[in-house]
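Student: I have a structure to go through. Can we take it step by step, salt bridges and chain contacts included?

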Amino acid sequence: MPQDFVRHRSNMLQDGPKSFWAKIDFGLLIPILCLCIYGLYILYSASGQNSALVIKQGIRLALGFFVIAVVIQIPQSLWLRYSFIVYSIGLLLLMAVLLFGTDAKGAQRWIVIPGVARFQPSEIMKLAIPLYLAATFNKYRLPPRFSILFFGACVSLIPAILIGRQPDLGTALLIAYSGFVTLIMAGLPWLYLLSLIILSIPSAFIMWNYFMHDYQKTRVMTLLDPTTDPLGSGWNSIQSQAAIGSGGIDGKGWLQGTQSQLDFLPESHTDFIIAVIAEEQGFKGVLLLFFIYFIICARGLMIAWNAKDTFGRLLAGTLTLTFFIYIFVNVGMVSGILPVVGVPLPLVSYGGSSVVSLMAAFGFIMSIHAQHYR
Amino acid sequence: MSQFEPNSEAAQLPRNRIIALAIAATLMLGILIWRMYFLQVIEHEKHLAVANQNRIDVRPLKPKRGLIFDRNDILVADNQPSFNLNLVPEKVESQDQIKTLLPQYIKLTEDQIKIIDKMKSIPRRPFEPLNIKDRLTSEEIASIVVNQHKLPGIQVEAELRRFYPYSNVMAHILGFVGHLTESEKRALSSDKQGITHVGKKGLELSYESMLSGKSGHEFIETNARGRMIRTLQTEHATAGNDLKLTIDVQLQNAMFNILSEHKRAAAVAINPQNGEILAMSSVPSYDPNSFVYGISQKEYNQLLHNKLRPLFNRAVQGQYPPGSTIKPMIGLAALNLGTTTWDYKIWDPGYFQIENQPQRYRDWKRWGHGKVDLERAIIESCDTYFYDVSHKTNIDALASQMTNFNFGHPTGIDLNGESKGLFPTSQWKKARFEKPWYPGETLIASIGQGYVLATPLQLAQATAILANYGKSTTPHLVSQFKEHKEGSDWIKIEYPSQSLFDMDAPGVKANWSKMINAMQKVVTSTHGTAKKINNDLNYTIAGKTGTSQVVAIAQNKRYDADALLEEHRDHALFVGFAPVENPTIALAVIVENGGGGGSVAAPVARQIFDAYMALSIKVNN
């Protein structure tokens, strides 16, 4: 098309890096900003009006925006070239965490660099797998041969198994999921997908009998009937559903949730924060949250659709859908349709480890967007 | 540039997939919206009722801790009611008011006042009371009750608390329970909810899972302020199991009193036939009851930093050079290995010298014992004889024989933190010091000095194995348990016995009889090192004394107790069993830095044996 051609030419003629602001996609940035503000507002109530905690989270989110700014500065060609190295480092750190990781509640997830930082290598993997897979498939004509698909499956399963051994089954499944989303977008035949789903039934049986820890089994059992273990893991389910349901359409009002404010709700400011939104802001508040999430995901998929190459399409698509699945799993577990696994509500739950990787993901999506118009 | 154009066919595939996945995601979002709609709109009334008007609360019902009895059914760990001061933060109206008023009505320590300050940050279940003070006096209860209206959130509750009637006598065996720490509380499994105390030491710790029982729970309706309206459903708690000990508390009491005449001492008495520990004491001791009610930091520090180490269970944790007490076992080992016979005699000039080496390995008797065979070497505890024999014996072969007597590895007693002692091997030395084994070290090891270490429990166990002709049973403190219910029966815990020695080999049994005979002469012979305890003995004792050096004495110096620091003086030891014909008690005694085994430890052992005999005569009548 001639117009396109003209714009293309004019960009070529500019002959220099685009300005910083031109790289930022406001269609994505503004809903993210809204989400963060809404999240902090809820967090103040959920934390029992602990302003120090809200400020701490605010600083983390601000740092997150800085991460976006850094990521979009890095040329895409660099990511393409070094994705394997990023993936390998992530894999090595996962092995290191199994050997030297610090214990937290019976699971080894953290690597501590004394005096500097501590972080979960699984967070790196959340980015590294889509990055490396997208870069790999970028080299081939789609749909790829079976051997390449198989290679892709291995790339996502190996880290998932390592994370599963920490043990952190929830994250392991989500990591494996993100790899398979890439495979599906790259053209995994539907027949394979169907047979995978059928195969997953016996493998779930094997997992249950040989790999799952007792506490994980109890969580699944309490999903079926929360009253079987009312003092243990059933407590969370009973209380969170009471909190959500009692909120009604309009909610009890900010700081007015009896379940959340009287400490009936466990983990109210971390994994279970959606119950506080539901109780205090009602169904309307939940819909508002879902609307913001919907805008973010829709924008992410649009960018994926418009991306100029396979790398961009696969990466933006996978990162967006991974973001979505976190929302789905978190809300599903709090509302009692999924077992309780420790997955935070993205950008709303209190906690720092996921903010960086989520914001970096948005940085990637924006930089793919910027490429499209270069 | 990618090799494919944006609108090419290759771009179409991922785009189609994006559409498909977007549809799937939208459907999933639909599920979430439907679920929230279902809970918040359709089921709203139901959940509102639960959350707002009649909040249903689950409260744990804590189980009763199992009781502990001695072998004659005397209660040694009891649960007694105690009136406790508790705080329910949800009901508190003003934290400051409680902080200023409460200390006016009742005496509180700084730690206890701190609980009021920290009440919001202590992890617990909603409406779960925080314990501030235990064992209120009736005056204290009265002054709280009278002023109750000024102290919303404060309540006096009667709860069961552990009580140890034998206090310090049983402290090192039973240990104690104490308040849960925050991390222990977080780690509680769901069937232990509501438990406030757990075993921290001793049997209370090692049998925690048996004693603690299973929590029950009740669903109760509460109003918005958390006040109970009625109980909906109750599942009762299951009390923990009762335990029956092998300990005879009367013998234990006697042993403790006898040992208490010394500053630091320990003794263990085992029935060699079945591994039952009849009594076990470590002196000094402490009052375990003070831990139950929350010991103050100051009191705890005093116990912890006390030079005499009252919290240390010398009987199972203390490792001492066993000295000459291991000579009977060394003698049997050497007989088994063929490096000596009962007829082999040496000339003892008071020292032993390895050929071409200047160092003299000295006997405790400066001028020597003269002509000595194995029997005399045991009776008079001749060091030179054992130097001579062990010089011909390989250290590793010797160690493997001694392992059968339970040296160098834990006995497996049902207490945590047992020390394992040490009987050195050349391999051990290589790993530990990266040096080869020197022949002289075998000589030192053969008289229970040098690297050799043993706990009093190990010495008693070795003696029991010897008394029982090589048969050994894991020593234990708990023999039976039963459910805490009317009419339930005691269930025996099985401890199989095993023999690690080949008693059927020619001559072995005769060797053991001769060794036991020699040990009896340690007491009865006029030259015996324990002849002092033979007076008016109306039953038979076989034994062996030991005096073990704590510090090395230089080649040209002599041991002089008065010139040495108290903690550098010799340990006095005695091992023995009785009656010789059919042993039912094997005993090991150590008096730390007490002096000579024959002069100090043997009389202590005699008193314990006497107490045992007197008690068993009483039982038989």
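Student: Is B:Arg71 buried, partly exposed or exposed?
Tutor: This is a predicted model. The relative accessible area of B:Arg71 is 29%. Buried needs under 20% and exposed needs over 50%. B:Arg71 is therefore partly exposed.

Student: Which residue forms a salt bridge with B:Arg71?
Tutor: The closest N and O atoms of the pair are 3.0 Å apart. The cut-off for a salt bridge is 4 Å. The partner of B:Arg71 is B:Glu276.

Student: How many residues apart in sequence are the parts that B:Arg71 and B:Glu276 tie together?
Tutor: B:Arg71 sits in the loop between strand S2 (68-69) and strand S3 (75-87) of chain B. B:Glu276 belongs to strand S12 (residues 276-283) of chain B. The parts are tied together across a sequence separation of 205 residues.

Student: Is B:Glu276 buried or exposed?
Tutor: B:Glu276 has 9% relative accessibility. The limit for buried is under 20%. So B:Glu276 counts as buried.

Student: Where do B:Glu592 and B:Arg264 lie, and how many residues apart in sequence are the parts they tie together?
Tutor: B:Glu592 and B:Arg264 form a salt bridge, with the closest N and O atoms 2.6 Å apart. B:Glu592 is in the loop between strand S23 (585-591) and helix H22 (597-620) of chain B. B:Arg264 is in the loop between helix H10 (249-259) and strand S11 (265-271) of chain B. The separation is 328 residues.

Student: Are B:Glu592 and B:Arg264 buried or exposed?
Tutor: The two residues form a salt bridge. Both B:Glu592 and B:Arg264 are buried.

Student: Which residues are linked with B:Lys62 in a network of salt bridges?
Tutor: The network is in chain B and includes B:Lys62. The residues linked with B:Lys62 are B:Asp134, B:Glu159 and B:Arg161.

Student: In chain A, where are A:Asp250 and A:Lys284, and how many residues apart?
Tutor: Their side chains meet in a salt bridge at 2.7 Å, N to O. Both residues are exposed. A:Asp250 is in the loop between H11 and H12 of chain A, and A:Lys284 is in helix H13 of chain A. The pair is 34 residues apart.

Student: How many salt bridges are there between chain A and chain B?
Tutor: Over all chains, the structure holds 26 salt bridges. Between chain A and chain B the count is 0.

Student: What area is buried between chain A and chain B?
Tutor: The contact takes 60 residues from chain A and 47 residues from chain B. Carbon and sulfur atoms give 74% of the buried area. The area is about 4800 Å².

Student: How many residue pairs are in polar contact between chain A and chain B?
Tutor: Both residues of a pair must be at pLDDT 80 or more. The count is 10 residue pairs.

Student: Which element gives the largest share of the side of chain A that touches chain B?
Tutor: Helices H8 (169-186), H11 (233-247), H12 (258-261), H13 (273-306) and H14 (310-334) of chain A each give two or more residues. The largest share is 12 residues. That share comes from H13(A).

Student: What is the relative accessible area of A:Ser156?
Tutor: A:Ser156 is found in helix H7 (residues 146-164) of chain A. The side chain reaches the backbone oxygen of A:Ala153 at 3.1 Å. A:Ser156 also touches residues including A:Ile129, A:Ile175 and A:Phe180. A:Ser156 is buried, at a relative accessible area of 0%.

Key. Residues numbered from 1 in each chain as written. Chains lettered and ligands numbered in written order. Predicted model: local features only at pLDDT ≥ 70, side-chain atom pairs only at ≥ 80, totals over all residues. Heavy atoms only, no water. Contact = heavy atoms within 4.5 Å. Buried area = accessible area lost by both parts, 1.4 Å probe. Polar contact = N/O pair within 3.5 Å; in protein donor to acceptor, adjacent residues only side chain to side chain. Helix = DSSP H or I, 4+ residues; strand = E, 2+ residues; numbered from the N terminus. Buried < 20%, exposed > 50% of the residue type's maximum accessible area, 1.4 Å probe, protein only. Lists of a residue's contacts leave out its neighbours within four places in sequence.
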